[in-house]
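Colleague: I have a model open and would like to learn how to read its features one at a time. Where do we begin?

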Amino acid sequence: MRTVAVCAAAVAACAAAALVLRHRLRFCGRRARVAAILKELEEKCGTPAAKLRQVAEAMTVEMHAGLASEGGSKLKMLVTYVDSLPTGEEEGLYYALDLGGTNFRVLRVQLGGKGGGIVDKEFTEASIPPNLMVGTSEALFDFIAAELKKFIDQEGESFRLTPGRRRGLGFTFSFPVMQTAIASGTLIRWTKGFSINDMIGRDVVAELSKAMERKGVDMQVFTLVNDTVGTLAGARFFRDDVTIAVILGTGTNAAYVERAQAIPKWHGPLPKSEEMVINMEWGNFRTSHLPLTEYDYAIDAESLNPGEQIFEKMISGMYLGEIVRRVLCKIAEEAAIFSDKVPFKLKTPFILRTPDVSAMHQDTSADLRVVENKLKDVLGISNTSLETRQVVVEVCNIIATRGARLAATGILGILKKMGRDEFKDGATQKTTIAMDGGLYEQYAEFRKCLENTLRELLGEEVSESISFELRKDGSGIGAALLAASHSTTLI
């Protein structure tokens, strides 16, 4: 009996040891799979300087092609009809409507004329209900006009309308538009989650004007610009060396000042300034040199605009969180990093937003408490180990770094087109790049990586002539300033 008992105990001990061994092997196998996925991700998202220079060169080539003819490039290179920028002498009361994504902003500014600057300004902001983003053009613009009327009705005594004039509006419309005049343009396509089919090919100023009339708003639209052009104009009011503007927020775009003679597709008279602001619509840039991954291809295939806005889907705030979510979902499926089952919420598209990624990426606590809380609050994932949280941070770092370095490379492409990427004849021009957008403003690691990458690609000497300036809400103020500078006829 004693022998049997001893044997039974030995068998039990062996079984327990085998269970422990299987658990350890399983754990090691999971860890190895996590490491393999991260290694592959890092390789696929790699942005060495040599590759980035190829991307920048491709950007410059596409810019030339887009300026040469309509449809000649993935880059629209849209002529904005803005051939002069604010001088600082603008005067009077002007409004701006800034529709740039899921939110829109209404502003009013009182301009003091030469030396007076911006005397006063006020704004309000409203969210676009999701159903209006995919509804009808009339419903969308009626909602906007109603909000605009509410704001006008609250106009205080510090704002004074110039006698003999109607209220003037600068309309910032941050979607691809084929501009036909300074205050007229037809919508090419929607981006940033909007999909209102009956608006395609229609004049956005005409639709807004009709909605204002329906809502009893007595106002004239003087200028139609996109957010990037507005940011450029707003920054130029304060600094005359601003020649480029970049938006990095929900979406992304860039605009810059081009020589009018370098625009073959421009058939109008040569402007007195001999310059023209170009709206690049750089979110649609694509080249074989871009470091695309399986996650990017999947997001694009499932999007409202497959095959379009590839650059935007790699670097903008709308998509960075979703890319991270998809990577984490694959790790959960193949390495059971959170539990044996993939957490339900982790399967939900776009549940993880870029602000969440930013918070986790920049978590400096020893135990990554911010990451722990975000996983619990946003994705419903509790009881994560420190090692798991470290994996999450690494995924955030890889995706954000790729995005920031590609954004910097886009700016390098513009500088190359302008001839400002190197010294010529022993000198170079000072260039200030106006920046706006929540991604650039609020995601410090992204911002630092972008700026450091441009410095790396340009070299220290040329970098000394390049500076960045955050112009928060610059697009709306810029639109109001352009409305002022273009409202030369008494109504």
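Predicted model: local features only at pLDDT ≥ 70, side-chain atom pairs only at ≥ 80, totals over all residues.

Modeller: With one residue. Residues are numbered from 1 along each chain as its sequence is written, and side-chain values use heavy atoms, with hydrogens and water left out.

Colleague: Which helix holds Arg402?

Modeller: Arg402 sits in helix H11, residues 386-418. Helices (H or I, at least four residues) and strands (E, at least two) are DSSP runs, numbered from the N terminus.

Colleague: What does the side chain of Arg402 make a polar contact with?

Modeller: A polar contact is a pair of N or O atoms within 3.5 Å; within protein, one must be able to donate a hydrogen and the other to accept it, and residues adjacent in sequence count only if both atoms are side-chain atoms. Here the partner is the side chain of Asp296, at 2.7 Å.

Colleague: Which residues is Arg402 in contact with, leaving aside its neighbours within four places in sequence?

Modeller: Contact means heavy atoms within 4.5 Å. By that criterion the residues are Cys45, Thr47, Pro291, Leu292, Thr293, Asp296, Met314 and Ile323.

Colleague: Cys449 is in helix H13 (residues 444-458). Is Cys449 buried or exposed?

Modeller: Cys449 is buried, with a relative accessible area of 18%. Leaving aside neighbours within four places in sequence, Cys449 is in contact with Thr401, Ala404 and Arg405. The C-alpha atoms of Cys449 and Ala404 are separated by 5.9 Å, although the two residues are 45 apart along the chain.

Colleague: Now sheets. In what order do the six strands of the open sheet come?

Modeller: Strands of a sheet pair through backbone hydrogen bonds, either parallel or antiparallel. Two strands pair if DSSP finds at least two bridges between them. In this sheet the order is E1-E11-E10-E9-E12-E13, with mixed pairing. Strand E1 (78-79) and strand E13 (466-470) are the edge strands, each pairing on one side only. Strand E12 (residues 431-436) runs parallel to E13, and five bridges join them. Thr432 stands opposite Ser467 in E13.

Colleague: What is there to say about the backbone angles?

Modeller: Most residues other than glycine have a negative phi, and most peptide bonds are trans. Tyr81 has a positive phi of about 70° although it is not a glycine, and Glu281 has one of about 55°. Tyr81 is placed in the loop between E1 and strand E2 (91-99), and is partly exposed at 28% relative accessible area. Glu281 lies in the loop between strand E11 (275-279) and helix H6 (294-302), and counts as buried at 6% relative accessibility.

Colleague: How many helices and strands does the protein have?

Modeller: There are 15 helices and 13 strands. Of the 491 residues in the protein, 52% are buried.

How values were computed: Buried < 20%, exposed > 50% of the residue type's maximum accessible area, 1.4 Å probe, protein only.
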